[in-house]
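Please consult the sequence and coordinates alongside the points below.

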Amino acid sequence: MIQLGIYKAMRTQFVILAVHFAFTEALKIAFVGDTGVEDEAYYGYGHLTMKMIEDQGADLVVDVGDFDYWGRCVESYNVTDSFQMFSTFGRIVSVPAYSILKRYQWKDGRHGSIRGWEVGVEQHYQDINRSDLAFSFALNEDRLVVSDRTWNSIKLRLNETEGCWGEPWDGPWVWYSFLKDHDFDFLGASGNAEVKEEGSAEIWGSHQRYLHRLYLERIYSTNRGACHGYFDQQEPGSLEEYGERYSCFYKHGGNEDFHFIFLGWWQGSNEHLNEDSEEERRKSIDFIEREFSSPRSQNARWRFCIQHMTSAKLSAGDDERDQMILSGITDSCRRHGALIVNGHQHLYSRTKMLQNVGGPAGNETVLVAESVNDTNQSSYIISEGVTMSITVGMGGYDASCDGIYANADWMELCVASLLDHRGAVIAEFHEETPWTGTFKYLNSLADAKVVDEFQLTSRLPGWNLTVNNQDPSKVSQLPKSPSPSSVPHQKEAPNIQLEENDAPPALTSSGDGSNIAVGLSFFFFLWPSFVCAWLHF
């Protein structure tokens, strides 16, 4: 009778254990950048990459910048009768007949701009010999900003000639809408396309407004993570610092396992040598040091530095660039064991494990960690002082592995292709062994074919926090870390609406209920043994 009871207890114990692990889900983080979306004229297939990321079940997408939807939308209107218009500063401008009036973009008053519609006059071909104000506008030497009320009164006099889809400067809104159609969480940094060439301070400001809203809706208000900035250290972090200098923690199994530092283009990729640019880089280094040295980061299992463009020696693209001006930033990331993730070069590449990435001034030799001497090795240890640089810039566009350092001895792999390859890195982490991640680079144009795969095991200070009340040393025996001197997540997005001034629920420290679930599992797992022991005695 007692043996039968013991058998039933053991069977119950096994079933409960099987059920517990059956419902344990892995967390997936996708790293992507330069997502040329639905731009087939220039071979931009980022929409296929983003679909692949969702099909693979990614929980979080980390974007290194250049989203593609930049907002280059301009409306053109024929002017049949001359009239005058007034700028926001009261300037009177005569608009000649047979010219073309263009509405360029909405300027929201941030970053030193004047609030209103930016407009200009382009000379008509019939009046090419004119040398008045219209010709000046045609050369973009002068543009005006008019209020929305003034524009609405002007538009009554005009006939639209070449309209564009949606409102002018609608790129940030379209990108936000594109992301909302997918289920994953999203965090990103600014690239050069958002803030300079195709973009502007105003365009990036609009991206911030929408992406900060998406972060509040999907991550902060659901207690899956929280961010703060360089100046505003209070969570959920200011809109103005989103994607520029942003420190974000993301949860896995109730723990803040992942610590990301996002650096925007001007904060982490700009290589100008003027005093302002040098000051921006100094602030970014201070930010990295402050954030990764904090007690909160000491409990994180993983650290990441996200920047749009990294030092020349850490990426396999660009056959003319040899600058190491950003080395101070990447060296700080290395010293804290942060994985360096970047884009800008439209390819995928990764280095070997590095114990030197060029030094603080960029004049030191890039050194492979001494423990990494097998070129075919696919399992590595990442720790303070040792890191890897990964370029994920082929989300939508293409380039070539023709950089000066593409074949350097510290470079492990480079992948690039014009017509048959785009992709992203997807890293997978399991609750039972959250200190180990499997990283796969998948080709979105070949049914998510795995092109590169490797495994990283974290030995950061927080790697061996108690997991589900188990001693991690008894779960997995890990190799020793090279010396720095020598070497259940809710997937469905919440159905909530946030207005501009709405404050999301306060982030609490009570967790997401996983501790309660673990406690119940622990109880139901052991109670048959207690009963058997009682019957025995």
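Phe454 counts as buried, because its relative accessibility is 2%; buried means under 20% relative accessible area, exposed over 50%, and partly exposed in between, with a 1.4 Å probe and protein chains only. This is a predicted model, in which local features need pLDDT of at least 70 and side-chain atom pairs count only at pLDDT 80 or more, whereas totals for chains, interfaces and linings use all residues. Residues are numbered from 1 along each chain as its sequence is written, and side-chain values use heavy atoms, with hydrogens and water left out.

**Aromatic pairs**

- A search of the whole structure returns 26 aromatic pairs; rings of Phe, Tyr and Trp (its six-membered ring) pair if their centres lie within 6.5 Å, and planes under 30 degrees apart count as stacked, over 60 as edge-to-face and the rest as tilted.
- The rings of Tyr77 and Trp151 are edge-to-face, because their planes stand at 65 degrees, with the centres 5.5 Å apart.
- Tyr77 belongs to strand β3 (residues 75-79) and Trp151 to helix α4 (residues 148-155), so this pair ties together parts that are 74 residues apart in sequence; helices (H or I, at least four residues) and strands (E, at least two) are DSSP runs, numbered from the N terminus.
- Tyr77 is buried at 1% relative accessibility, and Trp151 is buried at 1% relative accessibility.
- Tyr380 and Phe454 also form an edge-to-face pair, at 6.4 Å centre to centre and with 65 degrees between the planes.
- That pair links distant parts of the chain, since Tyr380 is in strand β19 (residues 379-382) and Phe454 in strand β24 (residues 449-458), 74 residues apart.
- Tyr380 is buried, with 3% relative accessibility.
- Ring pairs join Phe31, Phe258, Phe260, Phe262, Trp302, Phe304, Tyr380, Phe429, Phe439 and Phe454 into a cluster.

**Charges over rings**

- The charged end of Arg209 sits over the ring of Tyr210, at 4.6 Å from the ring centre; a charge sits over a ring if NZ of Lys or CZ of Arg is within 6 Å of the ring centre and within 35 degrees of the ring normal.
- The ring of Tyr230 has the charged end of Arg245 over it, 5.3 Å from the centre.

**Disulfides**

- Three disulfides are found in a search of the whole structure, a disulfide being a pair of cysteine sulfur atoms within 2.5 Å.
- The sulfur atoms of Cys227 and Cys248 are 2.1 Å apart and form a disulfide.
- This disulfide of Cys227 and Cys248 is right-handed, because the torsion about its S-S bond is about 115 degrees.
- Cys227 is in strand β11 (residues 225-229) and Cys248 in strand β12 (residues 245-252), so the pair ties together parts 21 residues apart in sequence.
- Cys227 is buried at 1% relative accessibility, and Cys248 is buried with a relative accessible area of 1%.
- Cys305 and Cys333 form a disulfide with their sulfur atoms 2.0 Å apart, and the link is left-handed, with -95 degrees about the S-S bond.
- Cys305 lies in strand β14 (residues 302-307) and Cys333 in helix α11 (residues 327-335), so parts that are 28 residues apart in sequence are tied together.
- Cys305 is buried at 2% relative accessibility, and Cys333 is buried with a relative accessible area of 1%.
- Cys401 and Cys414 form a disulfide whose sulfur atoms are 1.9 Å apart, and this link is left-handed, with -85 degrees about the S-S bond.
- Cys401 lies in the loop between β20 (389-392) and β21 (411-415) and Cys414 in strand β21, so the pair ties together parts that are 13 residues apart in sequence.
- Cys401 counts as partly exposed at 30% relative accessibility, and Cys414 is partly exposed with a relative accessible area of 22%.

**Asn270**

- Asn270 is placed in the loop between α8 (265-268) and α9 (275-292), and Asn270 is buried, with a relative accessible area of 4%.
- The side chains of Asn270 and Ser277 are joined by a polar contact of 2.8 Å; a polar contact is a pair of N or O atoms within 3.5 Å, where within protein one must be able to donate a hydrogen and the other to accept it, and residues adjacent in sequence count only if both atoms are side-chain atoms.
- Not counting residues up to four places away in sequence, Asn270 touches Trp265, Ser277, Arg281 and Leu326, where contact means heavy atoms within 4.5 Å.
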